[in-house]
Amino acid sequence: GIVLVAINPYEELPIYEEDAIYAYSGQNMGDMDPHIFAVAEEAYKQMARDEKNQSIIVSGESGAGKTVSAKYAMRFFATVGGSDSKTNIEAKVLASSPIMEAIGNAKTTRNDNSSRFGKYIEIGFDKGYHIIGANMRTYLLEKSRVVFQAEHERNYHIFYQLCASSSLPEFKDLGLSK
């Protein structure tokens with residue numbers, strides 16, 4: 001299959017804006033510079049042409065930008081495979097990310113917001129190739145982090161968020177006071 005090697009620049013770049021999505025939409029692989037949008041377009045075209053499921057595997061070491069690359073691919077699909085409710089679906093898919101990050105991300109020596117779990121995101125399309133929903137599953141959560149962290153590392157973000165909110169009235173309803 002197609003392999004794209006990307007480097008996390010650790011800053012926002014204009015190459016991920018909506019006009020870049022439209023520039024890659026409808027193009028053939030290799031007609032433009034290598035880009036996550038080119039990979040997403042190729043998967044989208046093959047899904048429509050062959051009527052078969054497609055997969056994009058995003059892998060790399062901590063801090064490589066895997067989560068951000070996946071978000072860009074989802075944004076591409078929401079834009080080119082959208083419908084009247086595309087922004088609503090994109091918003092719902094992308095809105096789940098901060099919650100997942102709070103529960104499954106932690107500060108490591110290499111990354112302040114490192115995913116300590118894997119994600120499998122399945123995006124559903126209707127017969128017209130419009131997004132109709134998404135399902136996110138997590139796997140391989142690093143359970144040892146709950147009871148032990150290496151020097152200069154932290155527990156999951158949610159632990160500190162819960163501690164910081166322990167004085168709020170809503171906290172007592174969680175049954176975590178003891």
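User: In which helix is Phe37 found?

Analyst: This is a predicted model, in which local features need pLDDT of at least 70, side-chain atom pairs count only at pLDDT 80 or more, and totals for chains, interfaces and linings use all residues. Residues are numbered from 1 along each chain as its sequence is written, and side-chain values use heavy atoms, with hydrogens and water left out. Helices (H or I, at least four residues) and strands (E, at least two) are DSSP runs numbered from the N terminus, and Phe37 is found in helix H2.

User: Is Phe37 buried or exposed?

Analyst: With a 1.4 Å probe and protein chains only, a residue is buried under 20% relative accessible area, exposed over 50%, and partly exposed in between. Because the relative accessibility of Phe37 is 0%, this residue counts as buried.

User: Which residues is Phe37 in contact with, leaving aside its neighbours within four places in sequence?

Analyst: Contact means that heavy atoms lie within 4.5 Å. Leaving aside the neighbours within four places in sequence, the contacts of Phe37 are Ile15, Tyr16, Glu17, Ala20, Ile21, Tyr24, Tyr72 and Phe76.

User: How many Å separate the backbone nitrogen of Phe37 from a polar atom of the side chain of His35?

Analyst: His35 sits in the loop between helix H1 (18–24) and helix H2 (36–50), and its 9% relative accessibility is why it counts as buried. Beyond its neighbours within four places in sequence, His35 is in contact with Leu4, Ile15, Tyr16 and Tyr24. A polar contact is a pair of N or O atoms within 3.5 Å, where, within protein, one must be able to donate a hydrogen and the other to accept it, and residues adjacent in sequence count only if both atoms are side-chain atoms. From the polar side-chain atom of His35 to the backbone nitrogen of Phe37, the distance is 2.9 Å.

User: How many Å apart are the end C-alpha atoms of H2?

Analyst: The expected span of a helix is 1.5 Å times one less than its number of residues. H2 has 15 residues, so it should span 21 Å, and this agrees with the distance between its end C-alpha atoms, which is 21 Å.

User: Which elements do the buried residues of H2 pack against?

Analyst: The buried residues of H2 include Ile36, Ala40, Tyr44 and Met47. An α-helix has 3.6 residues a turn, so residues three or four places apart point the same way. The elements that the buried residues of H2 pack against are H1, H3 and E3.

User: Which element gives the most to the lining of the second largest pocket?

Analyst: On a 1 Å grid over the protein atoms alone, a pocket is an open set of points with protein on both sides within 12 Å along at least five of seven lines, and lining residues have an atom within 4 Å of a point. The second largest pocket holds about 490 Å³ of space, and of its 22 lining residues the closest to its centre are Ile2, Leu4, Val39, Ile56 and Ile57. H2 and helix H3 (66–80) each supply at least two residues of this lining. The most, five residues, comes from H2.

User: What phi does His152 have?

Analyst: Most residues other than glycine have a negative phi, and most peptide bonds are trans. His152 lies in the loop between E4 and helix H5 (157–164), and it counts as exposed because its relative accessibility is 59%. Although His152 is not a glycine, its phi is positive, at about 70°.

Conventions: On a 1 Å grid over the protein atoms alone, a cavity is a set of points where a 1.4 Å probe fits but cannot get out, and a pocket is an open set with protein on both sides within 12 Å along at least five of seven lines; lining residues have an atom within 4 Å of a point. Grid points are joined across faces, edges and corners, and a volume is the space filled by probe spheres set on the points.
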